[in-house]
Amino acid sequence: MEFELDEGQQEWLEEVRDFLRTHVTPALRAELAEHDLEFKGGEVAAFRKAIGDKGWFGLNWPVEFGGLGLGAVHQHLLVSEFEYWGVPGPDLTVTSVAPMIMRHGTEQNKAEFLPPIARGEMICAVGYSEPDAGTDLASLRTRAVLDEATNEWVINGSKIWNSGAQRSTHEWLCVRTDPDAPRHKGISVIIVPIDHPGVTIRPLIAWSGYRTNEAFFDDVRVPADNLIGEVNKGWRYITGALDLERGALTNAGDLRRSVEDLVDLARQPRADGRVIADDPVAVRRLAGLVADVEAATLMGYEASSLLAEGTIPTVEVSTEKIFTSELRQRIADTAMDLLGPEGLLAHRNPEAPLAGGFERLYRAAPLLRFGAGTNEVLRDVIAQRGHALPSSGR
Ligand SMILES: Cc1cc2nc3c(=O)[nH]c(=O)nc-3n(C[C@H](O)[C@H](O)[C@H](O)COP(=O)(O)OP(=O)(O)OC[C@H]3O[C@@H](n4cnc5c(N)ncnc54)[C@H](O)[C@@H]3O)c2cc1C
């Protein structure tokens with residue numbers, strides 16, 4: 001088995017790094033540190049435009065859909081490298097929504113939505129969860145009814161944890177279109193412009209400081225053509241998009257960076273004069289993290305290679321998602337243990353190591369343990385789909 005990247009992949013990585021060296025400016029870093037991804041000062045928007053100009057939002061899409069025709073491994077390497085640098089790259093619109101439109105969308109869907117996604121102009125918030133529909137997503141109640149007189153969908157209901165809606169142009173909205181059908185068979189996906197009358201977005205701030213949202217839909221009308229693919233077939237599109245989301249969200253780029261940063265800090269005397277690396281137990285813990293990051297990297301290569309072959313790797317991305325999200329938490333916990341009280345200092349405190357990066361990581365780490373499907377449920381997915389074992393709930 002060959003674990004190394006081949007020559008073409010290495011060259012691609014260098015091209016990506018050249019781009020990042022040119023475009024990741026101190027001004028972009030300052031804006032991200034201050035506003036995260038809120039696009040407040042224009043630097044993030046300019047950075048996204050540069051990515052769009054390169055054609056890198058659709059880099060692994062077929063050329064006929066406005067892509068560059070490169071493979072899933074190229075995309076994985078790019079996303080991992082962007083995460084290593086701590087800057088936003090292709091988001092879920094590109095990595096999980098667009099592929100579902102390509103696979104299942106109507107010709108109208110493809111012509112209308114794919115070109116602006118490829119340019120980075122159309123960004124979707126993912127509207128699945130509702131106050132009473134999280135893990136049990138099939139119990140969702142947001143309703144869409146076709147008004148045959150006007151040929152429009154009329155949508156009523158609400159979503160919760162609607163991340164990124166404040167900076168998105170559209171909702172990839174999961175709705176019930178047949179309340180009488182069995183639960184999984186009456187669901188559809190409709191694209192809804194966020195600036196449409198009747199859409200209200202309200203902020204919801206998580207413990208990490210991360211902003212997510214509540215979204216309300218009151219008699220929102222969109223053209224019938226905004227339905228993705230076929231009516232009542234949405235469950236298939238959603239589960240496919242979620243598999244892709246898990247793979248895209250869980251590469252090891254930012255984990256590698258965090259462990260490298262922690263190793264660097266361990267070599268330098270801390271505020272109390274202590275050098276963490278003088279403690280053999282601490283060194284052993286750091287070495288364990290380095291080994292785990294290598295394992296996570298290989299899991300990413302495996303999942304993206306399967307994608308490149310045309311398979312949506314459900315079990316593999318579930319494994320990768322559980323491992324990387326729990327590793328992220330272990331890295332944050334280890335940083336807190338090794339840095340001691342210094343590790344708790346936050347952004348804007350001049351004494352904070354790495355401008356408060358580990359304090360932020362500690363608060364942000366839990367998110368991916370339940371985002372895109374909780375790890376408990378994904379363990380069931382691995383057991384059932386990977387090994388034909390019964391669910392833990394039975
Ligand atoms: C900050 C943040 C951002 C988010 N962003 C988005 C977003 O952009 N779009 C979106 O649609 N959603 C989003 N979510 C929602 C997220 O996907 C859900 O929180 C998650 O799927 C869990 O659903 P729930 O919160 O309803 O918990 P529940 O489903 O109520 O689960 C509670 C606990 O019970 C366990 N559990 C439930 N059912 C089972 C089972 N069958 N077997 C074993 N254990 C089980 C779960 O593992 C969990 O530990 C976000 C959530 C947060 C907090």
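Predicted model: local features only at pLDDT ≥ 70, side-chain atom pairs only at ≥ 80, totals over all residues.
Reader: What makes H4 largely enclosed?

Author: A residue is buried if 20 or more other C-beta atoms, placed from the backbone, lie within 10 Å of its own, exposed if 12 or fewer do, and partly exposed in between. In H4, 11 of the 14 residues are buried, so the helix is largely enclosed by the rest of the structure. Among them are His74, His76, Phe82 and Tyr84.

Reader: Why is Val44 called buried, whereas Leu354 is called partly exposed?

Author: Val44, in helix H3 (residues 43-54), has 20 C-beta neighbours inside 10 Å and therefore counts as buried. Leu354 has 19 such neighbours, so Leu354 counts as partly exposed. Leu354 is found in the loop between helix H10 (314-339) and helix H11 (357-364), and has a positive phi of about 50° although it is not a glycine.

Reader: Why is Asp219 called exposed?

Author: Asp219 has 9 other C-beta atoms within 10 Å, and is therefore exposed. Asp219 is found in strand E7 (residues 211-223), and its phi is near 50°, a positive value in a residue other than glycine. Most residues other than glycine have a negative phi.

Reader: How do you know that the ligand lies between two domains?

Author: The protein is divided into domain 1 (7-90), domain 2 (125-234) and domain 3 (250-387), with bounds from an automatic or database domain assignment. Domain 2 and domain 3 both give residues to the shell around the ligand, so the ligand lies between them. Of the 22 residues around the ligand (C-beta atom, placed from the backbone, within 6 Å), Tyr128, Gly134, Thr135, Trp161 and Thr374 come nearest. The largest share of the shell, 3 residues, comes from H13.

Reader: What classes of residue make up the shell, and which classes form the side of domain 2 that touches domain 3?

Author: The shell has 8 nonpolar, 12 polar and 2 charged residues. Here Ala, Val, Leu, Ile, Met, Phe, Trp, Tyr, Cys and Pro are nonpolar, Asp, Glu, Lys and Arg are charged, and the others, Gly among them, are polar. The centres of domain 2 and domain 3, taken over C-alpha atoms, are 32 Å apart. Their contact (C-beta atoms, placed from the backbone, within 7 Å) takes 6 residues from domain 2 and 5 residues from domain 3. On the side of domain 2 there are 3 nonpolar, 3 polar and no charged residues.

Reader: How do you know that the radius of gyration agrees with that of a compact globule?

Author: The globule rule is 2.2 Å times the number of residues to the power 0.38, and the radius is taken over C-alpha atoms. With 394 residues the rule gives a value near 21 Å; the protein has 22 Å, which agrees.

Key
Residues numbered from 1 in each chain as written. Contact = placed C-beta atoms within 7 Å. Helix = DSSP H or I, 4+ residues; strand = E, 2+ residues; numbered from the N terminus.
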